[in-house]
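Please keep the sequence and the structure in view while reading.

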Amino acid sequence: MAKNRELGFPARDAIVAYIRAHPGETGTREIAREFGLKNADRAELKRILRELADDGTIKKSGKKISEPAALPATLMADISGRDSDGELIAVPAEWDEVESGEPPKIRIHIPRRPQPGTAAGVGDRALLRIEKLEDSAGAVYRGRVIKVIDHAKTRVLGIFRALPEGGGRLVPVDKKQAGRELNIAKADTGGAVDGDLVSVDLLRSRGYGLASGKVKERLGSLATEKAVSLIAIHAHEIPQAFSPAALREAEEAKPATLKGREDWRELPLVTIDPPDAKDHDDAVYAEPDPNPNNKGGYIVTVAIADVAFYVRPGSALDRDALTRGNSVYFPDRVVPMLPERISNDLCSLVPGQPRGALAVRMVIGNDGRKRSHSFHRILMRSAAKLNYAQAQAAIDGRPDDVTGPLLDPILKPLYDAYAIVKRARDERDPLDLDIPERKILLKPDGTVDRVIVPERLDAHKLIEEFMILANVAAAEMLEKKALPLIYRVHDEPTLEKVHALQEFLKTLDMPFAKSGALRPALFNRVLAQVKGHDSEPLVNEVVLRSQAQAEYAAENYGHFGLNLRRYAHFTSPIRRYADLIVHRALIRGLGLGEGALPETETVETLSEIAAQISLTERRAMKAERETADRLIAHFLADRIGATFQGRISGVTRAGLFVKLADTGADGLIPIRTLGSEYFNYDETRHALVGSRSGAMHRLGDVVDVRLVEAAPVAGALRFELLSEGSVPSRGRRRPDVARAQPKAHPGRSPSKKDRRPGKSKPGKSKKGKSWKP
């Protein structure tokens with residue numbers, strides 16, 4: 001019922017409360033109707049809504065208005081400026097504007113006597129404790145600085161290009177700065193030579209001509225593509241060198257002995273990994289359960305390298321590992337979380353060598369469900385090192401000299417156990433997205449040889465399911481012991497994203513009726529309907545974008561994608577700090593000896609660690625993705641003018657992103673190059689639609705493109721569209737859409753004023769979104 005207008009214009013908090021009560025369903029029209037606002041008041045309402053959107057209190061998406069997605073209790077944020085009262089304002093460091101709109105603003109509370117390390121300023125990156133102010137009509141969030149992670153920078157990273165007359169140019173490595181070179185005077189080169197990756201201090205910037213810089217540091221040579229990963233390593237400040245103290249601790253470490261351990265050296269555990277794996281931190285074994293009460297059941301054992309024995313809390317190794325958060329994997333190198341003495345030697349479960357491990361023994365019923373589990377600190381000896389294809393070939397009837405003797409006693413029981421575990425997995429019905437992952441293969445000189453999509457074998461799925469079972473067992477055991485831990489969590493999609501997905505599926509005449517609790521099965525039914533159809537890649541992509549991003553947290557809210565109530569990473573402590581925390585907690589809870597989680601580690605301290613390692617995980621993903629982009633851009637740089645087939649992988653007001661079919665390379669088609677007419681952005685359909693013809697370019701469409709420009713240093717590609725857009729059938733009314741460009745005279749090309757700065761730069765990327773278990 002509409003409010004009585006005689007009570008006066010509604011207060012801002014009343015408007016916000018109404019929006020919160022109707023998520024994803026509210027627009028200006030609905031708010032005006034609710035509060036009885038007539039035409040004369042609507043201009044004031046629109047002004048207030050703009051202000052609320054600007055300060056982050058609400059989020060506008062097309063014509064719909066909603067409350068921004070809730071922020072976690074602890075997060076990394078970038079301090080972007082000050083408000084009119086002089087208070088610092090921050091925004092989340094990792095925020096997908098393509099998916100979630102403008103980031104929420106966080107007001108920073110500065111105490112009169114800040115603790116050491118918490119004095120923050122504009123341009124700094126800080127770890128914040130977040131408080132949501134429910135009754136605020138202004139900023140919705142207030143933050144308290146826990147720790148300043150990084151201070152503001154006035155430096156630019158790039159490749160030095162020498163000029164014949166001396167001095168040179170800096171070619172920035174950031175896609176957002178592609179084409180914005182800096183001038184380096186002869187006296188300011190710092191000894192840099194052509195092809196060097198350098199860090200440059202900005203000297204001055206002006207509205208015309210090139211800005212100037214001075215080389216502060218030479219970071220390495222990029223004379224060949226073999227050093228391309230160096231760009232991402234330095235751009236994201238991923239630590240490369242271990243501290244001398246950490247290296248000393250690693251060298252002084254002694255191999256684990258039987259002291260305080262069970263002797264499992266006769267159990268024929270095997271490792272199954274990619275063929276190029278250098279560390280082997282998990283081993284598996286399965287056997288039929290002899291218990292007559294579990295006929296047809298299996299006992300599955302998963303043994304994980306005992307990293308906690310070597311990396312003790314508070315040690316130099318521990319400090320370095322926490323700073324890194326995880327290992328980072330590039331096509332040409334690995335930046336490990338731990339020194340090679342630990343990761344590739346003492347904690348690598350190599351065949352025939354005694355190794356310390358933390359093992360979980362799981363009893364599986366004939367229905368595939370885990371009946372019980374127990375954890376053990378053991379000394380083991382791996383029976384064999386296999387790769388996925390090798391194990392699968394043996395099961396498929398092509399054993400080799402290594403797998404032949406293992407086939408009956410080891411491999412067949414593993415696959416039989418997986419077959420019953422898979423039954424329970426299928427009943428659980430986790431999110432079943434089909435997003436192929438490409439792998440770049442390099443030549444000996446570090447250049448790209450080819451890009452492949454590795455076949456996904458049952459061997460991969462077997463290891464994945466056994467690792468998931470072990471992770472669940474770890475979380476359950478620690479909850480039973482009432483110990484703090486770091487969970488791997490994945491929130492369910494927001495109501496707004498579910499509504500957006502519903503609206504999209506309507507355009508395909510596909511029902512998406514949500515009733516009751518949201519479950520992955522609801523999305524799986526949609527994916528099953530398009531299996532094998534032309535729309536399959538499109539629907540898979542849109543469903544993926546509707547999902548939240550998995551992260552680490554000390555508070556459990558479940559894992560939506562895996563459809564699990566409790567889940568923790570336990571199986572890769574060599575390369576993930578979260579797993580190391582879980583190992584220490586198990587050692588403490590079960591009284592397994594040295595290397596336990598300290599009593600001082602509480603939910604609060606683990607929340608801070610979880611926020612930090614969630615950020616390092618995203619940093620690693622971004623660095624890996626950017627390195628792949630640069631390698632492919634180098635690979636394609638000499639093919640300007642060539643035509644390729646690809647698929648539209650992103651649609652924004654800036655234009656179309658296209659992923660090439662053969663290499664998986666991403667590039668931008670600027671909206672201004674699409675044709676002689678203007679194109680409007682249709683958010684619901686994930687499409688750009690011609691204003692006169694109605695021709696539509698839609699997410700997932702297969703298109704032919706011509707490569708127009710490649711910027712290898714930035715990993716940016718720009719394409720020209722060769723394919724015609726699809727035209728809706730006559731009489732079909734196109735939905736209301738937001739204008740992508742201002743209206744202009746027919747036939748006139750958009751002027752510089754019409755275009756937003758930077759939008760036509762090659763390869764301005766969208767952020768990827770993944771729930772990654």
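How many bridges join strand E5 to strand E7, and do these strands run parallel or antiparallel? Strand E5 (residues 106-109) and strand E7 (residues 141-150) are joined by four bridges, and the two strands run parallel. Two strands are said to pair if DSSP finds at least two bridges between them. Helices (H or I, at least four residues) and strands (E, at least two) are DSSP runs, numbered from the N terminus. The model is a predicted one, in which local features need pLDDT of at least 70 and side-chain atom pairs count only at pLDDT 80 or more, while totals for chains, interfaces and linings use all residues. Residues are numbered from 1 along each chain as its sequence is written, and side-chain values use heavy atoms, with hydrogens and water left out.

Leaving aside residues up to four places away in sequence, Arg-630 touches Val-173, Val-228, Ile-231, Ala-232, Pro-712, Val-713, Ala-714 and Gly-715. A polar atom of the Arg-630 side chain lies 2.7 Å from the backbone oxygen of Val-713.

A second pair of strands can now be considered. Strand E14 (residues 270-273) and E21 pair in the parallel sense over four bridges, and Lys-385 in E21 is the bridge partner of Thr-271. In a regular strand the side chains alternate between the two faces of the sheet.

Strand E18 (residues 334-335) contains Val-335, which counts as buried because its relative accessibility is 6%. Val-335 and Ile-238 are 97 residues apart in sequence, yet their C-alpha atoms are 8.3 Å apart in space. Ile-238 is one of the residues that Val-335 touches, others including Ile-233, Pro-239 and Phe-330.

The expected span is 1.5 Å times one less than the number of residues, so the twelve residues of H12 should span 16 Å; the end C-alpha atoms are 17 Å apart, which agrees. The buried residues of H12 include Val-498, Leu-501 and Leu-505.

Charged side chains form the next topic. Side chains of opposite charge can pair when their charged atoms come close. A salt bridge is a side-chain nitrogen of Lys or Arg within 4 Å of a carboxyl oxygen of Asp or Glu, and a search of the whole structure finds 37 of them. Arg-369 forms a salt bridge with Asp-367, with the closest N and O atoms 3.9 Å apart. Arg-369 also meets Glu-427 in a salt bridge, at 2.9 Å from N to O. This second pair links distant parts of the chain, 58 residues apart: Arg-369 is in the loop between strand E19 (354-364) and strand E20 (370-381), and Glu-427 is in helix H10 (residues 407-428). Arg-369 is partly exposed, at 46% relative accessible area, and Asp-367 is partly exposed at 34%, while Glu-427 is exposed at 54%.

Finally, the whole chain may be summarised. Its secondary structure comes to 16 helices and 33 strands, and buried residues make up 51% of its 773 residues. Among contacts between residues at least 6 apart in sequence, 68% join residues at least 24 apart.

Note on methods:
Buried < 20%, exposed > 50% of the residue type's maximum accessible area, 1.4 Å probe, protein only. Polar contact = N/O pair within 3.5 Å; in protein donor to acceptor, adjacent residues only side chain to side chain. Contact = heavy atoms within 4.5 Å.
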